[in-house]
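Subject: Structure for your review

Dear colleague,

Please find below the structure that I am handing over to you. My findings follow it.

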Amino acid sequence: MVRTPIGNDIRRLRFEHGEMTQEALAQACGVTRQTIIALEAGRYAPSLALAFRIARAFGVGVEDVFRWEQA
């Protein structure tokens with residue numbers, strides 16, 4: 001499995017926001033639950049538009065959700 005160099009705190013943010021489900025976040029962002037699963041696992045790098053939608057769903061900035069993790 002190849003991980004992306006983009007780390008994220010989606011799982012932590014979901015739990016800090018009332019234990020939001022992956023499905024609820026997916027619906028709020030207009031993607032599938034499988035996309036959220038892949039993002040949380042680091043198997044998928046979001047588009048810039050999706051990164052903004054996820055950040056807005058949590059009411060935070062993009063850099064509060066995503067970070068660059070160099071190898």
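Helix α2 (residues 22-29) packs through its buried residues against α1 (10-16), α3 (33-41) and α4 (48-58); a contact here means heavy atoms within 4.5 Å. Helices are DSSP runs (H or I, at least four residues), numbered from the N terminus. The model is a predicted one, in which local features need pLDDT of at least 70 and side-chain atom pairs count only at pLDDT 80 or more, while totals for chains, interfaces and linings use all residues. Residues are numbered from 1 along each chain as its sequence is written, and side-chain values use heavy atoms, with hydrogens and water left out.

The buried residues of α2 are Gln 22, Leu 25, Ala 26 and Cys 29 (buried is under 20% relative accessible area, exposed over 50%, partly exposed in between, with a 1.4 Å probe and protein chains only). Viewed down the axis of α2, these residues fall within an arc of 100°, so they line one face of the helix; the arc is taken from the directions from the helix axis to the C-beta atoms. Gln 27 and Ala 28, on the other side of α2, are exposed.

In the one between Arg 14 and Glu 40, the closest N and O atoms are 2.5 Å apart. Arg 14 lies in helix α1 and Glu 40 in helix α3, so this pair ties together parts that are 26 residues apart in sequence. Arg 14 counts as buried, at 4% relative accessibility.

Arg 12 is partly exposed, with a relative accessible area of 38%, and forms a salt bridge with Glu 16 at a closest N and O distance of 2.8 Å. Glu 69 pairs with Arg 67, the closest N and O atoms being 3.0 Å apart. Through shared partners, salt bridges join Asp 9, Arg 12, Glu 16, Arg 67 and Glu 69 into one network.

Yours sincerely

Conventions:
Helices (H or I, at least four residues) and strands (E, at least two) are DSSP runs, numbered from the N terminus. A salt bridge is a side-chain nitrogen of Lys or Arg within 4 Å of a carboxyl oxygen of Asp or Glu.
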